[in-house]
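Subject: Structure handover

Hello,

My notes on it follow below.

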Amino acid sequence: MEIRPLAADDVDAVVRLWNATKRDTYDFIPQERGRSVADDDAFFREHILPRCAIWIAVVRNEVVGFLAMRKSYVDRLYVHPGAQRRGVGTALLAKAIEISPGGIELHTHQKNTKARAFYDKAGLSVVRFGISPPPESEPDMEYQWRP
Ligand SMILES: CC(C)(COP(=O)(O)OP(=O)(O)OC[C@H]1O[C@@H](n2cnc3c(N)ncnc32)[C@H](O)[C@@H]1OP(=O)(O)O)[C@@H](O)C(=O)NCCC(=O)NCCS
């Protein structure tokens, strides 16, 4: 597996991966499941690409995961369902800590049991329970890691 910075011609593959992974994950968020690849492409290029440092995980020339960081904040971390439980998320989280060795923060949904198991195993701490911004308004939680 190679972890490398996103290049312009990786964007289409990352957006397809993001859309497929959200559909697999967010059975509890109807707004997410209703979003097409074109919707996600527009959001990614307008809101994520200009604001985040983005890294991708590549296996045999295929993008299998990505990490988007806004300074110390993990804005997005996604591993394709077909590539999960093989250490890709762990490698991307290690990259996040390499980028921000003073600590990282992130939010996840309380119903996202996979992500919670993953962050708990990685040694992150839950620092707050809350609600995501409207219109989603789902129970969420904030994790952090400190050295
Ligand atoms: C959460 C996510 C990034 C984990 O990525 P991953 O590549 O599957 O994680 P890893 O293979 O590195 O897992 C490391 C450890 O975390 C724990 N873990 C990961 N996924 C788990 C799951 N589905 N159930 C239970 N434990 C899990 C395990 O302890 C695992 O070690 P093991 O496989 O040796 O038992 C991935 O499931 C994902 O992309 N989910 C959808 C998107 C998402 O929820 N992103 C986070 C939003 S904040």
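From the N terminus on, the elements run β-α-α-α-β-β-β-α-β-α-β-β. That makes five helices and seven strands. Helices (H or I, at least four residues) and strands (E, at least two) are DSSP runs, numbered from the N terminus.

Two points on the source. This is a predicted model: local features need pLDDT of at least 70, side-chain atom pairs count only at pLDDT 80 or more, and totals for chains, interfaces and linings use all residues. Residues are numbered from 1 along each chain as its sequence is written.

Overall shape
The C-alpha atoms fill a box of roughly 35 × 35 × 30 Å along the principal axes. Of the 147 residues, 24% count as buried. Buried takes 20 or more other C-beta atoms within 10 Å of a residue's own, exposed takes 12 or fewer, and partly exposed lies in between; C-beta atoms are placed from the backbone. Of the contacts with a separation of 6 or more, 57% join residues 24 or more positions apart. A contact needs two C-beta atoms, placed from the backbone, within 7 Å.

Ligand shell
The ligand is surrounded by 20 residues, and the closest are Gln84, Gly89, Thr90, Lys114 and Ala117. Near here means a C-beta atom, placed from the backbone, within 6 Å of the molecule. Elements that give two or more residues to this shell are α1 (11-25), β4 (73-79), α4 (88-99), β5 (104-109) and α5 (113-121). α5 gives the most, with five residues. By type, the shell has eight nonpolar, eight polar and four charged residues. Nonpolar covers Ala, Val, Leu, Ile, Met, Phe, Trp, Tyr, Cys and Pro; charged covers Asp, Glu, Lys and Arg; the others, Gly among them, are polar.

Nonpolar core
The largest nonpolar core has 29 residues, and Phe66, Leu67, Ala68, Val74, Leu92 and Ala96 touch the most other members. Two or more residues each come from α1, α3 (37-48), β2 (53-59), β3 (62-70), β4, α4 and β5. β3 gives the most to this core, with five residues. A core is a set of buried Ala, Val, Leu, Ile, Met, Phe, Trp, Tyr and Cys residues joined through C-beta atoms within 7 Å. Leu92 touches Ile3, Trp55, Ala57, Gly65, Leu67 and Leu77, leaving aside residues up to four places away in sequence.

Loops and backbone
Most residues other than glycine have a negative phi, and most peptide bonds are trans. Arg60 has a positive phi of about 45°. Arg60 sits in the loop between β2 and β3 and counts as exposed because it has 7 C-beta neighbours inside 10 Å. Ser137 has a positive phi near 45°. Its loop lies between β6 and β7. Ser137 is exposed too, with 9 C-beta neighbours inside 10 Å. Pro135 is in the loop between β6 (125-131) and β7 (139-145). The peptide bond from Pro134 to Pro135 is cis, with omega near 5°.

Gly102 is in the loop between α4 and β5. Gly102 is exposed, since 8 other C-beta atoms lie within 10 Å. Gly102 touches Ser72 and Pro147, not counting residues up to four places away in sequence.

Best wishes
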